[in-house]
Amino acid sequence: MKRLLFFVAGLIAAALAGGFYFLFRVFPRFDTKAFPTGAGAQGEDWKISTCGDVPFLIKNGLPFPSGFDSSNRPVQMLNGSWHMRLDPEDAGEGLHWERLEKAGKGWKRINTPSTFNAALSKIPDYQGPAWFFLKFVPSFEADDKHWQRICLEGVLIRSRVWLNGELISRHEGGWTPQYADISACVRPGVQNTLVIRADNRLTGVSLPPKLLKNHMPGWHPYGGVYRDVYIEKLPKDYIFKADYACLFYQNRALLKMNVLTQRPEKPYARKTSREKGLSCTVSCGSRKIKVKASPKASQGPVVKYSFDIEIENPRLYSPDSPELYDVTLTYGNDRVSFKAGLRTIEVKGEEILLNGRKTFLKGISKHEDHPSLGASQTPELIENDLNLIKNMGANYIRLAHYPHHRGELIKARDMGLMLAEEIPLYQAGTGFTAWYGEKRPLFEFPLRTFGNRQLQNSDLLLNAQRQLTEMIERDRLNPAIIMWGVANETYTLDKASAAVHGWLADTARMLDPTRPVTMAEFTYGMPVLDDRRQTGRYMDVISINIYSGWYFGNMEDVSQKIEKVHGRFPGKPVIISECGAEAAPGRRDEDGLWVAERVPPGKTYSEDYQERLLEHYVTYAMKTGFVSGISPWVFADFFCPEFPGNPVPYYNSKGVVSKDRAPKKSYHMLKRLYHEDV
């Protein structure tokens, strides 16, 4: 009887999906023409402007900086011992905790950066406000030719920050940094008080958005000040952005560079820096090339420099030979450096070309997750994880589902691992899939998160646009990144939803025309839905998450389903961006069947079945011409509240290594296949 009811519920869900498609056509649409993808795009405390033809982001009144590797700017790290206090009643602001001078009763010591609700913590289930308190003495003296900027690399998932009782920053989104000018409120030579209110609860317009009242997303809603916090001392004339593109001809490379600087609007320094201009040094080994540049354009206090650097007999960047050139930019007393990789990445027909050659992406998807560290990353963990991936023979990582720690991106760059990076616009508009999968009653159908009712919410989309901009601005200098992702498993079943994703794709292309854009499409396992996908027309690369053989159907269905996608959007490369099956570490087929949530009966949850399924998918992908890559789900088992009734409760066990990084059978199978030539 129960099975019959579930079957009937499935039919009702399909009917509702089709019926509501027409119903929601009458709801107001997000007018993409009214919301710019470039100059003029703006939200409550941010906007995109341009200097000449170079876009830049203003957030908290400051230009958002590129992620340089190093600089000559003095830095004071604020990592270490802090105080933390949970605020489940959300009473902290009413009690004016932002003005505290001392962390008294109720506060406890915590090491920062850290994740306070990791799987092995005492409060893994906590969602709500949490406060962080630090007393520190600034390392820098007051100086009328410099200013001070605080950076918080990551606070999950929204935050407000006070210094000495003054609100200096607010930020929505836990995976990109926030900056604030603290020159006017920092007190040199004495104790200062830094207070942060963080909140890891999801909302209908957060990234990821909330889908159902009691539903958890596909990864744990971690909380905390989980990345570095530091203060920089900068000259008032300084460099904040650089970008570059590579052109190749004969035996030469042309490095085309843009640099943006910020100068005071009041010429306190007699325009010294502007008169000297900007200099650039590019070196690789013993070779050094120096160029001096003059201003090409200005927009208020922002000055643009553009110049070309010709390099003879260039050493190209690739997974087999990750050659890097040291680039140093000097502007007055300010100096920043980064490593550039000379390479091109482009889409031509059904192929992805790296340096003009067809490339197959032998990949894996990867979360930031560890049983004791949660979302926090240490250099040791990053190095160990990337070594496991590199030794597996992979040349590509899909960074799921948010911008990862910069240290991981830099290490991957140095190892020659190609990366796709995406924002956490996850399953927006698909609340009905969770409703159906969790067998919720009809009266709980999520009208507010169905289709375009949620997906076209302007607050959600402007949040996504800003976080996309911050991700690209932070990581654009890294040659390991070959694609930008604008969404994952969102609602894409009509033209209006497709146009929204096209709008985000245009934002990415405006910010960075040198890399292709993609998004990971959801596979429902029902033709009435899967055949309605619309978004591929706006993407350079078609990415598909498909779980035939696990959540629905058989593994043998993959060829028919992928070829159907290819037929719908011909002439474009396809990537199998997710596929997989759960495997409890050490479990074998002969151990019998396990019953789990949302998975049809008859699965063993064994390493044997996982190995067979992934081998089938990877073998198919590697021999199919229009498939340009695969990134099985997922590198390591990770903490996940979405499946509390699983045989391994609260864990997604689709990792090819365990949560403790012990390789499963599928890891060794991928190592064998990935070391073969494609």
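**Aromatic pairs and charges over rings**

1. Phe 432, Trp 435, Phe 445, Phe 450, Tyr 491, Phe 522 and Tyr 524 are joined into a cluster by ring pairs, a pair being two rings of Phe, Tyr or Trp (its six-membered ring) with centres within 6.5 Å. The model is predicted, with local features needing pLDDT of at least 70 and side-chain atom pairs pLDDT 80 or more, while totals for chains, interfaces and linings use all residues. Residues are numbered from 1 along each chain as its sequence is written, and side-chain values use heavy atoms, without hydrogens and water.

2. The count by this rule is 29 aromatic pairs. Tyr 244 and Phe 338 form a stacked pair, because their ring centres are 6.0 Å apart and their planes stand at 20 degrees; planes under 30 degrees apart count as stacked, over 60 as edge-to-face and the rest as tilted. This pair links distant parts of the chain, with Tyr 244 in strand 17 (residues 238–249) and Phe 338 in strand 24 (residues 334–340), 94 residues apart, strands being DSSP runs of E with at least two residues, numbered from the N terminus. Tyr 244 and Phe 338 are both buried, that is, under 20% relative accessible area (1.4 Å probe, protein chains only).

3. Within the cluster, Phe 450 and Tyr 491 have ring centres 5.9 Å apart and planes at 55 degrees, so this pair is tilted. Both Phe 450 and Tyr 491 are buried.

4. The charged end of Arg 587 sits over the ring of Trp 594, 3.6 Å from its centre, where the rule asks for NZ of Lys or CZ of Arg within 6 Å of the ring centre and within 35 degrees of the ring normal. Lys 659 lies over the face of Tyr 651, 4.7 Å from the ring centre.

Note on methods: Helices (H or I, at least four residues) and strands (E, at least two) are DSSP runs, numbered from the N terminus. Buried means under 20% relative accessible area, exposed over 50%, partly exposed in between (1.4 Å probe, protein chains only).
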